[in-house]
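Please look through the sequence and the model first.

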Amino acid sequence: MAPFDRTRAGGSVPSVAAQGTWWYAAIAGEAADSFSARVRIRMRRACLAAVLLLTLAYAGLVLTATGRRWGDAVLAGRLADPAVARVLREHPSAQGFGTLTLVLAVLLLAAVGVLRKRYAHTAAALGTLAAALVVALLLRHYAPGPRFVDASGTPVPSGFPSVPAVLAAGTALGLVLVVPHRLRAAAVGLGALWAAALGAYGIATGHHRPGDVVAADLLVLAGFTAAVGFLARGGKVRPAPRRGLPPQRFLVVVPLAVLAVAGLAAGAYLLGGTLPGPGPVAAALPRTAHRCGQALAAGTGAAVALALLGMLRHVALDPEPVPYRRAAADPADPFAADPFADDADPDGPGRGYPDDGLPPDPFPEERDHEIS
């Protein structure tokens, strides 16, 4: 049980007025008894919400005929968009560069955790990423859905969810577990911007549909909220002090929020006019649908990162700092490590200790300096 979840003698839980609140614990330094439980409940609800949204995205974009037609329009729109065609033609090595950045990002995630000696949290981040990849592969091979074919009639394997998007979003959100609290927003924000760019590029190349990238982001969010919930269940979380918004967070979080709001708003607005009906498709519809899909994918990736950062804004996953350090002990003298031995009575029952034989209180009560 964590020090923030201690109960009274006898097993009773203090009242809310007696135990205070977690934000008071972050400011005053007092431990709130229900902090770990609140974090655990919050993460559990977020995980269930992410799974529900993933189910809705699968049902709406894969199982329905309208969703499949919209995905086909997005794929056709990349060929009708001259800007996308020009970028893909002028930069043919961008796909290899994206794969290289994925590998380097996973190595960076592991290196940061190992250098900070956060072995348990690093294992949790990599394990959650691996579990998300396994679930994504199982969904791609065994989830019921239609079989897609290309223009020549060749069957195309399902890309729901996108494995590269799972790797990118999982690496970005995995930094939550290994990066210090003061650098968390900046690191995760930069990683989310990079992951959103890779997701939009996957749609531009035609390897994935917008629903594949959206589902990958929601799958990763569900995995890491569950991981933080397990850490809270084991008492591995503590309140973080409230601080203002530093410049490095401001310069990253604000663009991330703008991308999330603009991407989701533009994508939802364009989606209302690009859902194809059973009749013939207009000539300008595929290009608009393609831009709508990219906006939705980028906005979802940014919104997922903002949601996790918001839920963990005042939650620190770092170990609690030690308030003071005792001097090095002499193996031949077990009482040499007591920093208060000089003020004790040498003739007492314990050498270097007061008459009761117990070590003195490191924070003695001084009534002359007591704040009333």
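This is a predicted model: local features need pLDDT of at least 70, side-chain atom pairs count only at pLDDT 80 or more; totals for chains, interfaces and linings use all residues.

Residues are numbered from 1 along each chain as its sequence is written, and side-chain values use heavy atoms, with hydrogens and water left out.

**Whole protein**

- The secondary structure comes to 12 helices and four strands; helices (H or I, at least four residues) and strands (E, at least two) are DSSP runs, numbered from the N terminus.
- Of the 372 residues in the protein, 41% are buried; buried means under 20% relative accessible area, exposed over 50% and partly exposed in between, with a 1.4 Å probe and protein chains only.
- Taking contacts between residues at least 6 apart in sequence, 77% join residues at least 24 apart; contact means heavy atoms within 4.5 Å.

**Helices α10 and α12**

- Two packed helices are described by the angle between their axes and the distance between the axes.
- Helix α10 (residues 210-233) packs against helix α12 (residues 285-311) at an angle of about 10 degrees, and the axes are 8 Å apart. Axes are lines fitted to C-alpha atoms, for helices over the stretch in contact, and angles run from 0 to 180 degrees between N-to-C directions.
- The two helices, α10 and α12, are therefore roughly parallel to each other; angles under 35 degrees count as roughly parallel, over 145 as roughly antiparallel, 65 to 115 as roughly perpendicular and the rest as oblique.
- Residues making this contact include Val213, Leu218 and Phe224 of α10, and Leu296, Val304 and Met311 of α12.
- By class, the contact of α10 with α12 has 11 nonpolar, four polar and one charged residues. Ala, Val, Leu, Ile, Met, Phe, Trp, Tyr, Cys and Pro count as nonpolar, Asp, Glu, Lys and Arg as charged, and the others, Gly among them, as polar.
- The end C-alpha atoms of α12 are 38 Å apart, which agrees with the 39 Å that its 27 residues should span at 1.5 Å a residue; the expected span of a helix is 1.5 Å times one less than its number of residues.
- Helix α12 is mostly covered, with 20 of its 27 residues buried.

- Helix α8 (residues 163-178) has 16 residues and reaches 23 Å from its first C-alpha to its last, close to the expected 22 Å.
- A kink of about 25 degrees in α8 is centred on Thr171; the bend at a residue is the angle between axes fitted to the seven residues ending there and the seven starting there.
- Helix α8 is mostly covered, as 14 of its 16 residues are buried.
- Helix α9 (residues 181-204) has 24 residues and reaches 35 Å between its first and last C-alpha, close to the expected 34 Å.

**Single residues**

- Ala302 lies in helix α12 and is buried, with a relative accessible area of 0%.
- The C-alpha atoms of Ala302 and Ala260 are separated by 4.9 Å, although these residues are 42 apart along the chain.
- Leaving aside neighbours within four places in sequence, Ala302 is in contact with Leu256, Leu259 and Ala260.
- Ala37 lies in helix α3 (residues 35-63) and is partly exposed, with a relative accessible area of 23%.
- Ala37 and Gly235 are 198 residues apart in sequence and 9.0 Å apart in space, C-alpha to C-alpha.
- Lys117 is found in the loop between α6 (94-115) and α7 (119-142), and is exposed, with a relative accessible area of 63%.
- Phi of Lys117 is near 60 degrees, a positive value in a residue other than glycine.
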